[in-house]
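This report concerns the contact between two protein chains.

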Amino acid sequence: MSDQLLAVCERVLALVGTDAEAEVTISAGTETLTRFATSFIHQNVADAARRIHLRVALDGRVSEASANQTDDETLSRLVRSTIDAAALQPVDPGWPGLAPKAPVPPVEHWDEATASAEPSERAERVGAFVAAADGLETAGFCSTDGSEVAFANSAGQRLSGRSTTALLDGIARTGTADGSGRAASAELVDLDGSVVGAEATRRACDAADATDLEPGRYEGVLGPSCVVNILGFLAIYGFNGRAVDEGRSFARVGERQFDAGITLADDVAHPMSVGIGFDAEGTPKRHVELVREGVTTGLSHDRRTAKALGAESTGNAIAGAGPWGALPANLVLEAGSPSPDELVAGVGRGLLVTDFWYTRILDPRTQVVTGLTRNGVWLVEDGRIARPVTNMRFTQSFVEALGPDQVRGVGSDLTLVGGATFGTGAYVVPSLHLASWNFTGGAKG
Amino acid sequence: MFDHAQAAVEAALAAGARYADARVMDRRHESMNARNGEIEGLTQEGSVGLGVRALIGSGWGFFSTSDLTLQAAQAAGAQASAIAGASASVPGRDLELTPVEVCQDHWENPVTEDPLSVPLSEKGDMLVGATRTMVDHGADVALAGYDIWDTTKWLVSSEGHRIDQRIRECGARMDATANGESETQRRSYPGIRGQYGTRGWELVRELELEGNAARIAEEARELLTAPECPSHDATDLIIGSEQMALQIHESVGHAVELDRILGWEAAFAGTSWLDLSQIDELRFGSDLMNVTADATLPGALGSFGYDDEGTPAHPVDIVKDGIWVGVLSGRDSAALAGLPRSGGAVRGDGYNRLPMVRMTNVGLTPGTSSLEEMIAATDDGILVDTNRSWSIDDKRLNFQFGCEIGWEVKNGRLGRMLKNPTYTGIGPRFWGSLDMLGNASEWTFWGTPNCGKGQPGQIGHTGHPSVPCRFRGVRVGVRG
């Protein structure tokens, strides 16, 4: 299909001609999701998606537009209206120009079987999840996405890529507690509904009949989905070149801002990652180191933020996210040696947390975020799980929590977690044992 | 387009569905953003396609496509039924639908000035002017932008609905950020999400961005040196109407979504602390609390003629004199809950999203007090406004909200400006402490253009009529 998509890009560029600088992205594929609640499949959806996005610049006057039809009339109208709109715009002093021609490193997170998965295959995994819960009420989803993308610009860049993602994510409910289980991969065959369902069930049962705990500062062992949540905020409000340019970021390259146990990079080529090898501006993605052994070493850039800060684009432009800046979509946090159980064994008195929920930032500079725990929280004393506790609210600076001497352990359980970067990416992360986490309230206020 | 929707419905029925409906939607979205006196981006998006639902047994199958041939529409209908059929391997109780009067109709909201006809240069000048003024008055980062949506949709159902609607929406927003040594402070206007409605460009003109730009930039800078909001376990809290819109959205609107109450959103958006067995009995708040969900309010962002199931817009009482009396529902959820009719609250975000229960215009009925009277009646408290952060648990019970700005209230007068005001509470306890309610002269139809729900994710446009309110004994000043 990529040849067909590139051919559409060429048609659009031909319509633009020499009137303007132009870049075209076309994506096509199928996004499917089988959703279940109260232990039955209640919503089952599929979308044959297609999108054409055009950005043009007339001597620095910029406009962009999109459509989802590829007939001649629509494409002509798309080109004409975008150029006409650009002509009416003032010159954009921040316009960085088009990405130059450059090769894309080999990245192929594609599985044909996943791209063409039938509803019955997703339903089968849902059925296995439900069965594994052995009578507990369940809810969640199984999804398979397959997308092919082509990019072309008038500077000669021509790229194509494709990626599949399969997710299985759900909860089991005892009536007094929920427990979650999830799995993610580029290949649906990797997702075992009975294993994920059993994990959710175990957590729910272990969290049943939870009791309250006094708010306060506690050590914390945070599961991978919590870690993904933390890194998402660091990425958007910290490492993002735009946040740095605007003076709203905590990030200072060259400074030791994190614990020595933290090494973080954006790396779509990681074997566990998903996604394609170039960004929305046609810049090839590469391994972008952000933190090495606690020292902030880099930032993420799109072409605009790179121009503003005298850097190079790191291939982190996200379609439609222009005002937000450059968002890493493939963060990888380097794993450590201890297993999650060994991390727990190292806790004096603290909390083991499965998931975070509804986290919102209070100040991007301090990275103070408020949110709640969800799907299983346990008090740990002297290295052993003492009892389940009810959900708690926290108000915590994410930068401080990962700061120097604050990370007591980095787990070995490297896990792909989807839905990162506020839904646009998927990160590969382990569990973390942190020295201090500020729980400011219980579920009852 | 009716023909395409009809073809999809017929194909779904032929493939085994006992009910089917289809929507063709043609949506245009224009947005422009400016930063520090320069236009940063102009985007014009267009999408058109068809989405068809098929009901078999206990589950919906849904298929959407951007291919607008009759053949593709028929294939989509068949696919929707096949998907619904696959759901039968993990079945529940058969889903029923409450009855709805079948009609054929056209509806569109009135606009005075078509927003897409306003010259781009004029729109750009407005944003450039507002951001330049903010910078001139102390903002380090000054942002402004607008959005316009023009959506036409055609609905056909297997029961005979044939309804087309054109809904035009627009609004604008701006904010000024001041950078301090170790913190940032921001002031937004007219609110963190701007102000949006089912109106034309006249709404944006009424906002007078330029006229408010200097003030918010100066306030952002002033906040950097303002004292921190003190921490109190229990104090009087006066909340401005923009923040009240958020309070209503998060702690009332989502809590009364029937699909949440039934457990259909448990794994993601969550459930609700409300139990259907307690409807008409449970005390949600004080006697002053009256909340309705009303999609007929002219110009409000959550207004329409018919929801995406063909149920005509109509007001629904949610809370009456503090007692919980109603929910936001659709035909299937209402049937399961034993309600006689759908609340008409089902909408999908675009042709390629399954319609689901969304807030319409969920808001407070005004009372009799003015903001001035609330301040005058408060001996020791805090006034807060303009939402900055929001977080609430998965049952919509335990919340913590932060505002951009606050003021001390001492002996009936406004005192010092305060920064980083936050407050926290438990829904019914908080609403039970409502003791003063703003009057009709301060009633604003706030529009929230970014409500997220569903898997795959959808964005909903919701409205929240609200007024300033006073609450007693609230915990404020929660810090990290």
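## Strand pairing between the chains

In this predicted model, strand S3 (residues 61–67) of chain A pairs with strand S2 (residues 38–56) of chain B in the parallel sense, over three bridges. Strands are DSSP runs (E, at least two residues), numbered from the N terminus, and two strands pair if DSSP finds at least two bridges between them. Glu64(A) stands opposite Thr43(B) in S2(B).

## Conventions

Residues are numbered from 1 along each chain as its sequence is written, and chains are lettered from A and ligands numbered from 1 in the order in which they are written. Local features need pLDDT of at least 70, side-chain atom pairs count only at pLDDT 80 or more, and totals for chains, interfaces and linings use all residues, while side-chain values use heavy atoms, with hydrogens and water left out.

## Extent of the contact

Chain A contributes 76 residues to the contact and chain B contributes 77 residues, contact meaning heavy atoms within 4.5 Å. About 6,200 Å² is buried between chain A and chain B, with carbon and sulfur atoms giving 48%; this is the accessible area (1.4 Å probe) that two parts lose on being put together, summed over both. Arg35(A), Phe40(A) and Tyr358(A) supply 10% of the area that chain A buries against chain B, more than any other three residues.

## Salt bridges

Six salt bridges are counted between chain A and chain B, each a side-chain nitrogen of Lys or Arg within 4 Å of a carboxyl oxygen of Asp or Glu. Glu246(A) forms a salt bridge with Arg35(B), and their closest N and O atoms are 2.6 Å apart. Strand S2 (residues 40–58) of chain A provides the largest share of the side of chain A that touches chain B, 11 residues.

Notes
Helix = DSSP H or I, 4+ residues; strand = E, 2+ residues; numbered from the N terminus.
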